[in-house]
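Here is a short report for a reader meeting this structure for the first time. Please look over the sequence and the model before reading on.

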Amino acid sequence: MKRFVPIINLIGHYKYVITIVVGVLVVGFLDENSFVRRVQLELQISDMNAEIEKYRSIYESDSKQLRELRTNPEAFEKIARERYFMKADDEDIYVLSDDSKPETDNDETVE
């Protein structure tokens, strides 16, 4: 029992500091509503908001295109040509691509 007396005195002397440190650890890291979990959820919310904006812009462009299809019969031909590369019988279509060709090593010698 004499071994524990200095430890009990130390705990008794610093009881408020120990309580505050334990409380901060529980609230900051261990609790289900911890600070770390809150930061993770905030990041997830910002990612989802960005995704919502992306889908909202897609929805707006598709709605505009649908309205155009309902009002303008020539829009079918325009969309078919732009999106699906359809053509009339008497014309040719050339598709230009921005894809870069894979580079080959010209430094290698073939024996």
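## Helices and what follows them

Helices here are DSSP runs of H or I with at least four residues, numbered from the N terminus. The model is predicted. One of these helices is α4, and the residue that follows α4 is F85. The phi of F85 is positive, near 55°.

## Overall layout

How many helices and strands does the protein chain have? There are four helices and zero strands. From the N terminus on, the order is α-α-α-α. The radius of gyration of the chain is 34 Å, well over the 13 Å that the globule rule gives for 111 residues, so the chain is more spread out than a compact globule.

Along its principal axes, the trace spans about 105 × 65 × 15 Å. Of the 111 residues, 5% count as buried. The accessible surface of the chain comes to about 11,300 Å². Carbon and sulfur atoms account for 58% of that surface.

## The annotated span

The UniProt record, an unreviewed entry, carries the annotation "transmembrane region" for residues 12-30. In the model, this span is 95% helix and 0% strand. Its end C-alpha atoms lie 25 Å apart.

## The loop residue S34

Where does S34 sit? Its place is in the loop between α2 (15-30) and α3. Is S34 buried or exposed? The cut-off for buried is under 20% relative accessible area. S34 counts as buried because its relative accessibility is 3%.

Contacts of S34 come next. Leaving aside residues up to four places away in sequence, S34 touches V27, G28 and F29.

## The buried side of α4

Helix α4 covers residues 75-84. Which of its residues are buried? They are A75, I79 and A80. These residues lie on the same side of α4, because they cover an arc of only 135° around the axis. An α-helix has 3.6 residues a turn, so residues three or four places apart point the same way.

What covers the buried residues of α4? The cover includes α3, which runs over residues 35-71.

Note on methods:
Residues numbered from 1 in each chain as written. Predicted model: local features only at pLDDT ≥ 70, side-chain atom pairs only at ≥ 80, totals over all residues. Heavy atoms only, no water. Buried < 20%, exposed > 50% of the residue type's maximum accessible area, 1.4 Å probe, protein only. Helix = DSSP H or I, 4+ residues; strand = E, 2+ residues; numbered from the N terminus. Arc of directions from axis to C-beta. Contact = heavy atoms within 4.5 Å. UniProt positions renumbered as here; feature names shortened; annotations may be inferred. Rg over C-alpha atoms; globule rule 2.2 N^0.38 Å. Areas by Shrake-Rupley, 256 points an atom, 1.4 Å probe, with all protein chains shown as cover.
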